[in-house]
Amino acid sequence: MTRSGHFRSFNSLLILFLCLWQSAPAQSTGPVDSTKVFTDLSKALANPASVYKLRLKKKKYKEVPTEIFNYFPNLKSLDLSHNQITTIPSGIRNLKNLERLILNNNEITALPPQIGELLKLEYLDMWSNELTYIPDEIAMIKDNLKIFDLRGILIDEGQQKRLRQLLPKTKLHFSPGCNCGQ
């Protein structure tokens, strides 16, 4: 076969390949939209692997829906603000990819020790809760936690100092200290 014959054969194969490739059915193996924010738990449960951001604010939850811990391995941002949640279950440890946890305006009295297992957590918003206990395990996330908002919570100056020592690299937001523990 001559050189031009090889070239024509190659071009024919290339054209055939391109035609077959373009006519093939579209596959859904492309990237998942990690910017989409799910605001409905039932819709999020329909396709849990594609849930990166979950905003369940003002849903009148009294507790954290346990489905969150069991079905959302890719979750990076969880907003449960403006509910009536009183406790954070130990299952929080399952959210290994969580970077933002927004729990403001609830009735949470304590953070569980498992909060320290969220090694990718960068932002923790507990503003306006009833916190009386923050475990020492919070120090386990000191290298990544950039902001911890504790405004609107009565925290005495001794506890504020303790948290500054546990989280030296974290920007801590406090309301003015009180003598409430003395």
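**Exercise 1.** What volume does the largest pocket have, and which residues line the largest pocket?

*Solution.* This is a predicted model, in which local features need pLDDT of at least 70, side-chain atom pairs count only at pLDDT 80 or more, and totals for chains, interfaces and linings use all residues. Residues are numbered from 1 along each chain as its sequence is written, and side-chain values use heavy atoms, with hydrogens and water left out.

Step 1. A pocket is an open set of points on a 1 Å grid over the protein atoms alone, where a 1.4 Å probe fits, with protein on both sides within 12 Å along at least five of seven lines. The volume, the space filled by probe spheres set on the points, is about 160 Å³ for the largest pocket.

Step 2. Lining residues have an atom within 4 Å of a point. Those of the largest pocket are Leu-131, Thr-132, Tyr-133, Ile-134, Leu-154, Ile-155, Asp-156, Gln-159, Arg-162 and Leu-163.

**Exercise 2.** Describe the sheet and its edges.

*Solution.* Step 1. Strands are DSSP runs of E with at least two residues, helices runs of H or I with at least four; two strands pair if DSSP finds at least two bridges between them. Here 7 strands form an open sheet in the order 1-2-3-4-5-6-7, with parallel pairing.

Step 1. Strand 1 (37–38) and strand 7 are the edge strands, each pairing on one side only.

Step 2. Strand 6 (residues 147–150) is joined to strand 7 by 4 bridges, and Ile-147 stands opposite Lys-171 in strand 7.
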